[in-house]
Amino acid sequence: PIWTMVLGTWVKQVAGMVTVCLPVMVTFDDLVGFVGRVDGPSMQPLLNPVDRRQSDLVWIKRWNTFRRPLSTGAVVAVKSPIDSRCVLIKRVVALEGEAIETRDTDSCHIIPRGHIWVEGENVTNSRDSNVFGPVRLTTHHLKISLGLVLGVATHIVWPPHRWGHLEVALLPDQIARRTKRE
């Protein structure tokens with residue numbers, strides 16, 4: 001029947017498009033960047049402001065991200081060291097060799113080589129390096145290595161009224177805790 005010929009032709013065309021488009025999309029995602037959804041309140045007020053019920057979407061740049069050193073104040077997408085299925089959006093507060101005081105315990109950490117210290121901007125509701133390290137001193141001994149950094153969040157791309165560049169800057173308390181040394 002004619003419908004089987006039409007269906008067969010359609011299936012071949014779709015399969016051909018998937019064969020071409022899928023590798024291109026995966027390569028683009030791996031090398032250039034991707035749009036990431038910001039869930040939760042940990043980066044409030046910068047991302048997902050309190051009065052919003054809709055999640056912000058941000059552009060995660062991968063192109064040239066790893067050719068230069070990360071800078072403090074950059075917003076990064078990081079694979080969670082606690083649950084590798086989760087991607088966290090956090091701000092880089094300290095780089096290797098720098099000292100940082102934790103928010104809760106006032107203990108000072110020197111960030112080891114190849115590691116960073118990341119924090120959310122919502123002090124009361126963020127699971128970040130204050131919880132999991134670079135070196136957790138209680139139960140887990142987890143580290144954030146540069147291998148867990150997926151890219152740098154550079155722009156809010158949704159919702160449209162919030163479009164804009166994400167500033168590379170630290171909060172005043174983050175600056176104060178970086179400059180204190182043991």
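This is a predicted model: local features need pLDDT of at least 70, side-chain atom pairs count only at pLDDT 80 or more; totals for chains, interfaces and linings use all residues.
A contact here means heavy atoms within 4.5 Å. Counted that way, residues 24 or more positions apart account for 61% of the contacts in this chain with a separation of 6 or more.

Residues are numbered from 1 along each chain as its sequence is written, and side-chain values use heavy atoms, with hydrogens and water left out.

The overall layout, then. There are three helices and nine strands in the chain; helices (H or I, at least four residues) and strands (E, at least two) are DSSP runs, numbered from the N terminus. Of the 182 residues, 38% are buried. Buried means under 20% relative accessible area, exposed means over 50%, and partly exposed lies in between, with a 1.4 Å probe and protein chains only.

Next, the interior. A nonpolar core is a set of buried Ala, Val, Leu, Ile, Met, Phe, Trp, Tyr and Cys residues joined through side-chain atoms within 4.5 Å. The largest one has 13 residues, and L47, V58, I60, V75, I89, A153 and L166 touch the most other members. At least two core residues come from each of β1 (33-38), β2 (56-61), β3 (75-79) and β8 (149-158). The biggest contribution is from β8, with three residues. A separate core of 10 residues includes A74, V78, L95 and V149. In soluble globular proteins, nonpolar side chains tend to be buried together.

Now strand β2. Its covered face is D56, V58 and I60, while L57, W59 and K61 form the uncovered one. Two strands pair if DSSP finds at least two bridges between them. β2 runs antiparallel to β1, with six bridges, and antiparallel to β8, with five. For example, V35 has W59 as its bridge partner in β2, and K61 has V152 in β8. Leaving out residues up to four places away in sequence, I60 touches V32, G33, F34, G36, A77, I89, G151, V152 and A153.

Over in strand β4 (residues 87-94) is V92, which counts as buried because its relative accessibility is 0%. V92 and A169 are 77 residues apart in sequence, but their C-alpha atoms are 9.2 Å apart.

Last, the charges. A salt bridge is a side-chain nitrogen of Lys or Arg within 4 Å of a carboxyl oxygen of Asp or Glu. The whole structure has nine of them.

Salt bridges that share partners join R103, E119, D128, D173 and R177 into one network. E119 is buried, at 0% relative accessibility, and R177 is buried too, at 7%.

For contrast, take R37 and D39, whose salt bridge has its closest N and O atoms 2.7 Å apart. R37 is exposed, at 56% relative accessibility, and D39 is partly exposed, at 47%.
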